[in-house]
Amino acid sequence: MSDLFAPAAASNHHGQSGPRIHDACEVSHETCLIIDNGTGFIKAGLSTAKMEPTVVIPTLVGRPKPRFACEFEKADERFVGDAIDAVREKLTFEEPIVHGAIEDWMEMEELWSIVFDSLGVMPDPSAMPQDAQHHGAASSSPVLLTEPPLTPSRSSIRSAEIMFEYFRAPELRLATQGVLALLGLGKTTGVVVEMGDAITQVVPVYDGYALRHGIRRVDLGGQDITMLLQRALCDRGYPLTTRTHQLQVRRMKENCCFVAQCPESASHQSAESLQVAHELSFSLSNHESVVCLDHERYLCPEVLFHPSLIHRELPGLGQLVWQAIESAEIDTRQSLWKNIFLTGGSSLFSGLQERLQTEVAQYAPEKSSKRVTVHAWEGREHAVYQGAAQVCAPSIKALESDLWIKASEYAEEGPNIVQRKAMMRYN
Ligand SMILES: Nc1ncnc2c1ncn2[C@@H]1O[C@H](COP(=O)(O)OP(=O)(O)OP(=O)(O)O)[C@@H](O)[C@H]1O
């Protein structure tokens, strides 16, 4: 996934180095700010702009390593987005989201501040409290935040607290990523297989409602494949040990790895035949080495189907989908078998669609196995964002106004309202 920031870094009023305001767009009261919080990347934008996020930043905050602090203007300077690239080796990093769960709220607030600033979501002077200078950028736009399914309510409450009390959002909607992804594809019934950087979510949805008891969420995603590839290449003698190398290995994975239809027969192919067939190599940053990939190209993504390869006791992808469908009411299953949708960045591996279809068909009862259809539509990596943009459309927003929390309701009821609205999200 490309980082969409303009290369120039600017220092904003929070003292972070980051992107300049990007795609400046007039913010009207019809406009909602969408923030899709991913473990690897935050995808954000304004609902009235494109159907794709206009801001994509790694969910990372960099700070100077103590031994390099004197080289920076401020020892506590923070770096996000593309601003990281030039000084990556001199920084230490915090990852505020771990396996889909926000763990460092201060850093998360920093990243959200950057998103607000980057999208030019500016204070509405009439809504500004007297002591506004003690708060972050006040938002005159409703905010939609995405969450993975099965997010603990204490986390949703904390997000709401920050959005209302720090960013002064006039309205907030917390929405489940898997359900949004299906809406983003223009469907209301199906099984979403949302494959991200650190988690894989399988969410069965019927008539727009997530079937809560069928949801599966496992801590396995693109970063596991990147790490496995990095380790495999190190074992072959390539010194790919730093964070910069990790980034390069991630790109190698995105460009070279694929899902084999039959890993057993692929393993009988010679390394040379794989290399020759695909002839893929990447220069390292020092421009001295070339990395040639061969069997790693399909062996690393194989962990999606066999997590035991990295010593994880988790069901494989085919089994997860089967479990999710089998837990649905019997008369809804037929619609689900034929409507399995791949979404998320890690669903982009070539061969994944066909292999998943074969695996799920093997698990399905005989009479359903022929119906099993896995769809992998163009633009699926942004399906969650696209679904979020749809629910922010004024007509849908008005129709689903019950699911939005107004600032006045939050002020009156406090955190209880967050829990109450969360119950309404799954029928
Ligand atoms: N072409 C590609 N082929 C394979 N993987 C890819 C490709 N493009 C991006 N990815 C991977 O997708 C992942 C990021 O996807 P995404 O933005 O959906 O995850 P996230 O929302 O940050 O994470 P999560 O949903 O796990 O919290 C990264 O691991 C990235 O390497």
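Tutor: A residue is called buried under 20% relative accessible area, exposed over 50% and partly exposed in between, with a 1.4 Å probe and only the protein chains counted. This is a predicted model, in which local features need pLDDT of at least 70 and side-chain atom pairs count only at pLDDT 80 or more, whereas totals for chains, interfaces and linings use all residues. Residues are numbered from 1 along each chain as its sequence is written, and side-chain values use heavy atoms, with hydrogens and water left out.

Student: What makes the phi of Arg-168 worth a remark?

Tutor: Most residues other than glycine have a negative phi. Arg-168 is not a glycine, yet its phi is positive, at about 55°. Leu-150 also has a positive phi, near 65°, and is likewise not a glycine. Leu-150 sits in the loop between β11 (143-147) and α2 (153-166), and with 37% relative accessibility it counts as partly exposed.

Student: Why is Thr-189 called buried?

Tutor: Thr-189 has a relative accessible area of 15%, which is under the limit for that class, and therefore it is called buried. Its place is in the loop between α3 (177-184) and β13 (190-195). Leaving out residues up to four places away in sequence, Thr-189 has contacts (heavy atoms within 4.5 Å) with several residues, including Leu-182, Tyr-206, Asp-207 and Phe-341.

Student: How do you know that the side chain of Thr-189 makes a polar contact with Asp-207?

Tutor: A polar contact is a pair of N or O atoms within 3.5 Å; within protein, one must be able to donate a hydrogen and the other to accept it, and residues adjacent in sequence count only if both atoms are side-chain atoms. The side chain of Thr-189 reaches the backbone nitrogen of Asp-207 at 3.0 Å, so the distance is within the limit.

Student: Why is His-245 called buried?

Tutor: With a relative accessible area of 13%, His-245 is also under the limit, and so it is called buried. His-245 belongs to helix α5, and its side chain reaches the backbone oxygen of Pro-239 at 3.4 Å.

Student: Which residues come nearest to the ligand?

Tutor: Of the 20 residues around the ligand, Thr-39, Lys-43, Asp-197, Lys-253 and Glu-254 come nearest, a residue being near if one of its heavy atoms lies within 4 Å. Helix α5 supplies the largest share of this shell, three residues.

Key: Helix = DSSP H or I, 4+ residues; strand = E, 2+ residues; numbered from the N terminus.
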